[in-house]
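These are my notebook entries on one protein model. I record below what I looked up, entry by entry.

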Amino acid sequence: MKSWLTRLAKQILPASCRNWLKDCWRRTHLIRMLRTIQRQKSPVELDQIRRLVQFWNNVGFSALDEYLLALVDYVGQGSGPILECGSGLSTLLVAVEAQRHGRQLYSLEHHPEWGAKVQSLLTTLGLENAHLAITPLTEFDGFSWYDTRKLSLPKDFTLVICDAPPGDTPGGRFGLLPCLREHLHSDAVVLLDDYERSEEKEIAERWAREFGMTIEEHGIEKPFGLLKFIQPSLVLETSRELDQEKILASVP
Ligand SMILES: C[S@@+](CC[C@H](N)C(=O)[O-])C[C@H]1O[C@@H](n2cnc3c(N)ncnc32)[C@H](O)[C@@H]1O
């Protein structure tokens with residue numbers, strides 16, 4: 001019956017109409033799946049994430065299941081506000097998990113039409129803990145970054161999901177630390193997607209050098225970077241240990 005209907009639709013409907021129907025079908029299933037995840041007591045499962053990626057149908061731009069699962073894990077492990085750079089499926093999924101854990105999500109998006117699509121889904125799902133800011137990219141000294149001057153952002157983000165701005169932006173994702181360092185908690189974890197790319201690796205290394213951070217590579221299929229600030233107490237502790245070693249070494 002279904003294949004007969006599909007064949008008939010292919011014969012009589014123009015491609016634009018068929019695509020529109022497919023989009024409606026995917027959106028309906030995406031919303032249904034996200035509602036199921038919202039209702040369930042347990043965190044989202046990998047299989048559910050894989051289906052969401054299929055319904056979202058934005059290969060090439062959307063975060064993949066491994067990164068999305070890591071985001072969900074980190075949302076469940078911690079507390080405090082979450083910052084996201086670059087909205088999409090990750091916004092919806094993280095907002096659902098953040099809602100479960102009483103956390104607020106702030107997402108930055110430069111593309112007005114894209115932002116409107118994501119916002120419409122957040123509204124449909126009643127995800128009031130998600131605050132999507134559609135704001136242009138603006139030039140800074142040697143890089144571009146979201147214009148956050150008119151935004152009221154928390155000063156204690158504990159989790160940062162960095163998946164934008166797009167790679168062709170001057171400086172790529174570098175602007176996160178110079179522009180928003182003062183909004184990050186000293187215990188903040190930054191999850192940097194697309195770490196297989198040399199540009200992302202260079203950015204992470206520059207953040208580590210200029211802002212005192214450690215880098216770990218995670219993920220098997222598609223790596224992502226995990227960055228944390230080096231804790232001042234640890235630096236003090238290490239220098240104390242070194243001093244003690246020097247003192248002991250100088251004892252005849
Ligand atoms: C890597 S995407 C962010 C993806 C998002 N974190 C997710 O999981 O879906 C970075 C930016 O690309 C833009 N973008 C997303 N999908 C796009 C598409 N299909 N075509 C052009 N730009 C797109 C949006 O402005 C988005 O903020």
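**Entry 1: strands S2 and S3.** I began with S2 and S3, which pair in the parallel sense over 5 bridges. Two strands count as paired if DSSP finds at least two bridges between them. Helices (H or I, at least four residues) and strands (E, at least two) are DSSP runs, numbered from the N terminus. Right-handed means that, with the strands pointing away from the viewer, the path from the first strand over the helix to the second runs clockwise.

**Entry 2: the source.** I note that this is a predicted model, in which local features need pLDDT of at least 70 and side-chain atom pairs count only at pLDDT 80 or more, while totals for chains, interfaces and linings use all residues. Residues are numbered from 1 along each chain as its sequence is written.

**Entry 3: the whole sheet.** I looked up the strand order and found an open, mixed sheet of 7 strands, S3-S2-S1-S6-S7-S9-S8. Strand S3 (130-134) and strand S8 (213-218) stand at the edges with a single partner strand each, so one side of each has no neighbour in the sheet. From one strand to the next, the twist averages 20°; axes are lines fitted to C-alpha atoms, for helices over the stretch in contact, and angles run from 0 to 180 degrees between N-to-C directions.

**Entry 4: strand S1.** I asked which strands pair with S1. Strand S1 (residues 82-85) runs parallel to strand S6 (residues 157-162), joined by 4 bridges. Ile82 stands opposite Leu159 in S6, and Cys85 has Cys162 as its bridge partner there. S1 also pairs with strand S2 (residues 105-109) in the parallel sense, over 4 bridges, and Leu83 stands opposite Tyr106 in S2. The chain passes from S1 through helix H5 (residues 89-100) to S2 in a right-handed β-α-β crossover. I checked the side chains of S1: Ile82 and Glu84 point one way, Leu83 and Cys85 the other way, and all are buried. A residue is buried if 20 or more other C-beta atoms lie within 10 Å of its own, exposed if 12 or fewer, and partly exposed in between, with C-beta atoms placed from the backbone.

**Entry 5: residue Arg35.** Arg35 and Arg7 are 28 residues apart in sequence and 31 Å apart in space, C-alpha to C-alpha.

**Entry 6: the ligand.** I found 16 residues surrounding the ligand, the closest being Phe61, Ala63, Gly86, Gly88 and Ser90. A residue is near a molecule or strand if its C-beta atom, placed from the backbone, lies within 6 Å of it. The shell has 6 nonpolar, 8 polar and 2 charged residues. Ala, Val, Leu, Ile, Met, Phe, Trp, Tyr, Cys and Pro count as nonpolar, Asp, Glu, Lys and Arg as charged, and the others, Gly among them, as polar.

**Entry 7: the protein chain.** I recorded 9 helices and 9 strands for the protein chain. Of its 252 residues, 32% are buried. Its C-alpha trace spans about 95 × 40 × 35 Å along the principal axes.
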